[in-house]
Amino acid sequence: MDTFETVKISGVRKETPTVNTLVLDKRSCRMEYGQFYMLWIPGVGEKPYACSGANEKSMEITVKHAGPFSGKLQNLKKGDLIGIRGPYGKGYFTPKGKNPCYVAGGLGIVPMISLLEGTKGKKATVILGAKTKEEIIFADRIKKTGADIRIVTDDGSAGIKAFPHQLLSGVIKEKKIDSVYCCGPEAMMREVLKIVSEKKIPAQFSLERYMKCGIGLCGSCALDPSGLLVCKDGPVFDAERIKDSEFGSYKRDSAGSKTRI
Amino acid sequence: MMSCLFCYLLLIVILFIDKMVDLSASLSGVKFGNPTVLPAGILGVAASSLARIASAGAGAVTTKSVGPERREGHKNPVVVAVDNGLLNAVGLSCPGLDESVEELKKAVRAAHVPVIASFYGRTVEEFGLVAERISAAKPAFIEANISCPNIEDEYGKPFGTSCELAARVVAVVKDMSRVPLIVKLTPNVSDIKNIALSVEEAGADCIAAVNTVGPGMYIDVLSAKPVLSNRAGGLSGPAIRPIAVRCVYDIYEAVDIPIIGMGGISSGRDAAEMLLAGASAVGIGTAVWTRGDGVFKEVCAELGKIMEERGDRSLKDLIGKAHC
Ligand SMILES: Cc1cc2nc3c(=O)[nH]c(=O)nc-3n(C[C@H](O)[C@H](O)[C@H](O)COP(=O)(O)O)c2cc1C
Ligand code: FES
């Protein structure tokens, strides 16, 4: 029914001062683009993470130090144990169009990188946003796929000083974009949703909600008003499915209480 | 000629109706389109989830248990899969009473089936207070959860393990609310008949049984750590069905009020078994994970077939029929 296993960390790679990639000694199982895993640090806690790479021998998880749990996850070393269950989610990224545009903010590129690398033949454009120059991740991996990369930073220390969505309309026109993939802070994704809805371009979004069970039972990740579950029906949704929803305006916390985005 | 044709059509209609089994259920005067119920704590956080499960075919839906104040519940991990079942220790997370009542009002409006409002308190008085507040949202039932096995550290042993305490909760709640009251029982007692009898005598309108079994534990061998943050968690799913069936069988012998039977039901056969044991309706929780939210329609279809095969016309022909 479900696969829970404990595996060893076989390596750690520094991506930026605040971001590490953990290599897990796990034989890769079949996984769709954008699905997620629940990661357990024995005795500490459990949270959902996307996979940032996989081959026959191992899979990778890319983690930013954002709170107590991710801080601990980041500090794990080669040989440490980690519990893993998944992959979860029936909503995933599906390759569409000839000229896709990826819109990523912060660590948003992580769940999308496998799709980009797995569909190299396309003329992809990636708008890659970060707070500062130091926090840009995966720029080399993106370039290797042959994609056109547009870097934006909040402070202008690299690329253009802008937020990712601010470049989207221009890129759509210039590159004849026919599909959009988006992941990042929800306020940014909301703006992207507005643009693609207006221009009627098919788009997919990877969502984040507080998850407890990850298997569609506890209800903590439900979206109003459809009742779609981010853990089970997502985490990736087509634009139409989340257009008239709570997405972009509020989400529920660990107690089930609504908080504004 | 015309009248002949009419008679023929009438005959077909009558034969058809004759073959159809009636799956509608009635509990304490409340009508359910079918006997399947979404039990407490399964997808019941948001009204939108309850509406979705109602549309997916459940005969009634239950909210996540509502408490007197905000609670985050236990830290993750709160679930771990085991052989033929699931251990959970969500720990009664709750956004607080005000927000819960608003969400409940929405659920009553959005779901086109009876809504059951599950609730709990830390003291007998709190049960009364919460019952009064949620009753204002006009659910079809309120359901006192006196049986959660996962919060013993904070809340003491569940009220459901003592006849006297269980009866006091019921008496106080009946004082504060006129909405029909379901009392949810724990199977983790030596004599469930006595508890059932106590809550019936104290005025309960209906019994839901059972809550999760145990609690149990799952230890990861490589790290030598229990996986659940709460260490222990309640067991649900197919593994507990024989216990649940026996509990409902015992309760049926002891009381006259209707029972919502649950614990490991995942097929029409399982539902029929629970009805035969004495349940008037059946909760389907963990099977939502294994079979998806189509499980309610599927179980009804399977149950209908079994009833046809047995020659049953309505649920009455099944309920309690395992007792001689
Ligand atoms: C994840 C989870 C959360 C639950 N939360 C509650 C709850 O808040 N209140 C309650 O009375 N029962 C709760 N239960 C118990 C179920 O309502 C049900 O009694 C039990 O799971 C047995 O049925 P099943 O085997 O069909 O799941 C929960 C069960 C699960 C699996
Ligand atoms: S996390 Fe429990 S239903 Fe999605």
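## About the model

The model is predicted, so local features need pLDDT of at least 70 and side-chain atom pairs count only at pLDDT 80 or more, while totals for chains, interfaces and linings use all residues. Residues are numbered from 1 along each chain as its sequence is written, chains are lettered from A and ligands numbered from 1 in the order in which they are written, and side-chain values use heavy atoms, with hydrogens and water left out.

## Around ligand 1

Let's start with the neighbours. There are 20 residues around ligand 1 (a heavy atom within 4 Å of it). Ala40(B), Ser65(B), Lys184(B), Gly264(B) and Thr286(B) come nearest. By class, this shell holds 6 nonpolar, 12 polar and 2 charged residues (nonpolar: Ala, Val, Leu, Ile, Met, Phe, Trp, Tyr, Cys and Pro; charged: Asp, Glu, Lys and Arg; polar: the others, Gly among them).

For Asn211(B), a polar side-chain atom is 3.4 Å from an oxygen of the ligand. Alone, ligand 1 would expose 600 Å², and the protein buries 98% of that (Shrake-Rupley method, 1.4 Å probe).

For Cys206(B), the nearest cysteine sulfur belongs to Cys247(B), 16 Å away. Cys247(B) has its closest cysteine sulfur in Cys163(B), at 14 Å, which is too far for a bond.

Cys206(B) is buried, with a relative accessible area of 0% (buried means under 20%, with a 1.4 Å probe and protein chains only). Cys247(B) is buried too, at 0%.

Key. A polar contact is a pair of N or O atoms within 3.5 Å; within protein, one must be able to donate a hydrogen and the other to accept it, and residues adjacent in sequence count only if both atoms are side-chain atoms. A disulfide is a pair of cysteine sulfur atoms within 2.5 Å. Buried means under 20% relative accessible area, exposed over 50%, partly exposed in between (1.4 Å probe, protein chains only).
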